[in-house]
Amino acid sequence: MLRSLILLALPLLGPVSTDLKEVDASKLPGIPGPSTTRMTDPARGLDFKGIDARIRTQARHMGTIQPAVALPPGSLKVTDKVADAAGWKAYRVEVSAGGSIHMRLRGLHEGWFVIRTVNKWGNMEEGMLKNLIKTGNPEARYTNATNGARSIYFVVDTTELNIIGEEYTLEVTVS
């Protein structure tokens, strides 16, 4: 009986994300990232000390988040990895008027990541999901309530020091 109910309910769950176009982030064009003036380090306050903490702090004093890339339009599955000691990367997306976009990170150590949504000045604005409670599920959403298209950034950031090379996949869903 339970099996029959589950089989009947499966079509109601919607499409599975296996049909997403796969993109290698290392092949995407580099762009200027958002301003870092308002960005805080999620690893800050976790009692990190020593040379690794100083290297990370210095790597984050660039004025803008680098590396940064522009994502192609549509729903995607983006493969990437932590590129350097700064431990963050920005992904610019274009969101049409009234459109919505959701980004979810998948990886071996998901709890080591956070995702933020910001504008080019590094600020949050209306329509950006505020991830105030750290749940270990790195995801963010933006809903464009304006009458025109908007460029926004999803910033993937790490809560751990010195995890260069840590691989992850971003599931980007546009609606």
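1. K89 and D80 form a salt bridge (a side-chain nitrogen of Lys or Arg within 4 Å of a carboxyl oxygen of Asp or Glu), with the closest N and O atoms 2.8 Å apart. Both K89 and D80 are buried. Buried means under 20% relative accessible area, exposed over 50%, and partly exposed in between (1.4 Å probe, protein chains only).

2. A word on the basis. This is a predicted model, where local features need pLDDT of at least 70, side-chain atom pairs count only at pLDDT 80 or more, and totals for chains, interfaces and linings use all residues. Residues are numbered from 1 along each chain as its sequence is written, and side-chain values use heavy atoms, with hydrogens and water left out.

3. The structure holds nine salt bridges. One of them joins D157 and R60, at 2.4 Å from N to O. D157 lies in strand 8 (residues 150-158) and R60 in the loop between helix 2 (51-59) and strand 2 (68-70), so the pair ties together parts 97 residues apart in sequence. Helices (H or I, at least four residues) and strands (E, at least two) are DSSP runs, numbered from the N terminus.

4. R60 is in contact (heavy atoms within 4.5 Å) with residues including T36, D41, W88 and T158, not counting residues up to four places away in sequence.

5. A salt-bridge network links R56, R60, R116 and D157.

6. R92 pairs with E94 in a salt bridge, the closest N and O atoms being 3.6 Å apart. R92 is partly exposed, at 25% relative accessible area.
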